[in-house]
Amino acid sequence: MAKVHKDVKKIVLAYSGGLDTSIILKWLKNEYGCEVIAFSADLGQGDELAPIRDKAFATGADKVYIDDLKEEFVRDFVFPMFRANAIYEGHYLLGTSIARPLIAKRQMEIAKIEGADSVSHGATGKGNDQVRFELAYYHFDPAITVVVPWREWKLNSRQALVNYAKKNGIPIPVTKKRPWSSDRNMLHISFEGGILEDTWAEPPENMYVLTKAPEKAPNKPQFVEIEFKNGNAVAVDGEKMSPAQLLAHLNFIGGEHGIGRVDLLENRSVGMKSRGVYETPGGTILREAHSAVEQITMDREVMRIRDSLIPEYARQVYSGYWFSPEREMLQTLIDDSQKCVNGVARVKLYKGHCRTVGRKSETNSLFNLDFATFEKDQVFNQADATGFIKINSLRLRIRALMQGKK
């Protein structure tokens, strides 16, 4: 018999259709005895969404929302983050991290539409996603009730979840053939758990979804030209595309060449280390190309200051502070630095590698051949370097003199 929770009458659940949220949906019905609305965000999961509606209703959902958020995701979340060149711990392009605030935003909008007093998610008490979801929930409604089964129930192991699923007739998507969990959107797909918890073992090739093995990628390199306007990619090889179309196109191209595989033992927000394996083909190409256009258009000192902020910006996104005033403040500064980032980058894709081979800007280039040339020039007096070096070495010379004196 369901428990009576006087303050919880209707719950909107962030529902993926995987093992955890399928069990959570049934558990909420069993334990809370209230109306449960399942919400799935279409962020580019592809065929994974096809069975979601029927599965949610079969598991006990009273209503199901499946909303196409792909363009909003890339335009308002991925692109602002890429304008910052954000990367976590030198490797991770934050594909899962940046999706959570948008899912939570739409979840809270549905709660308002449906008159729900509560929301729920499938994140565990060990992970990062619980923080990302809940910080966003409270941003939109400080009084919202958040129901977190992982912090309430006694299903404290994968086997306990499997047993509960079997008892309640819930299909089990995690099998001995695919002993890991994954999360996919337009920016990436992530894998964790199961056999990946052996930090010495190489991930099996059959795990990867978006990318070919670099060894099996084409033997001929492919060159791609990406145009940027105000720091945002707007065209590939001269063809204008919407944000989501552009990222999907680069995902396909990058995947064919084995671009964007990352195997990282990262530091979670809660303090433990965890292994994540990621495929981010289009995002890897975008970051390389964006940096290339910045090289030719961005002032040195502006770039130095912006680059010093990348670790902090990435930490804020990773830790769930997308809607925080500090992230918004950094975004304002970063976006101002992007006004000049207009141009085209040419990148070469070959067997897992993506590197810049050309960059140009017709409107904002700061490269001046007259000054930079190693050939004979008429504008730069090389003798000026003597005074420049002497001024910059003054503190070092004084230090050496004083130490010698002592």
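Predicted model: local features only at pLDDT ≥ 70, side-chain atom pairs only at ≥ 80, totals over all residues.

Entry 1: I started with helix H5 and its length. H5 has twelve residues, and at 1.5 Å a residue they should span 16 Å. The end C-alpha atoms are 17 Å apart, which agrees.

**Entry 2: what H5 hides.** Which residues of H5 are buried? I found Asp129, Gln130, Arg132, Phe133, Glu134, Ala136 and Tyr137. Next I looked up what they pack against. The buried residues of H5 meet strand E1 (10-14), H4, strand E4 (118-120), strand E5 (145-147) and helix H9 (300-318).

I also jotted down a general point on helices. An α-helix has 3.6 residues a turn, so residues three or four places apart point the same way.

**Entry 3: Arg100 and its partners.** Asp129 turned up again, this time in a salt bridge. Its partner is Arg100, and the closest N and O atoms are 3.0 Å apart. Asp129 lies in helix H5 (residues 129-140) and Arg100 in helix H4, so this pair ties together parts 29 residues apart in sequence. Buried or exposed, I asked of Asp129? Asp129 counts as buried because its relative accessibility is 17%, and the cut-off for buried is under 20%. Arg100 is buried as well, at 9% relative accessibility.

Arg100 also forms a salt bridge with Asp183, where the closest N and O atoms are 3.2 Å apart. Asp183 sits in strand E6 (residues 181-184) and Arg100 in helix H4, so here the linked parts are 83 residues apart in sequence.

Entry 4: How many salt bridges does the count come to? I get 26. Some join up: Asp67, Glu72, Lys105, Arg106 and Glu109 are linked in a network of them. The general idea is that side chains of opposite charge can pair when their charged atoms come close.

Entry 5: Arg261 forms a salt bridge with Glu205, with the closest N and O atoms 2.7 Å apart. Arg261 is in strand E11 (residues 261-267), while Glu205 is in the loop between strand E7 (189-192) and strand E8 (222-229), 56 residues apart. Arg261 is partly exposed, with a relative accessible area of 23%, and Glu205 is partly exposed too, at 41%.

I then checked Arg261 against the rings. Its charged end sits over the ring of Tyr208, 3.6 Å from the ring centre.

**Entry 6: rings with rings.** The structure holds ten aromatic pairs. I picked Tyr92 and Tyr278: their ring centres are 4.3 Å apart and their planes are at 15°, so the pair is stacked. Tyr92 is in the loop between helix H3 (70-83) and helix H4 (95-114), and Tyr278 is in strand E12 (residues 273-279), 186 residues apart. Tyr92 counts as buried at 3% relative accessibility; Tyr278 is buried with a relative accessible area of 6%.

Notes:
Residues numbered from 1 in each chain as written. Heavy atoms only, no water. Phe/Tyr/Trp six-rings, centres within 6.5 Å; stacked < 30°, edge-to-face > 60°. Helix = DSSP H or I, 4+ residues; strand = E, 2+ residues; numbered from the N terminus. Buried < 20%, exposed > 50% of the residue type's maximum accessible area, 1.4 Å probe, protein only. Lys NZ or Arg CZ within 6 Å of the ring centre and 35° of its normal. Salt bridge = Lys/Arg side-chain N within 4 Å of Asp/Glu carboxyl O. Expected span 1.5 Å × (residues − 1). Contact = heavy atoms within 4.5 Å.
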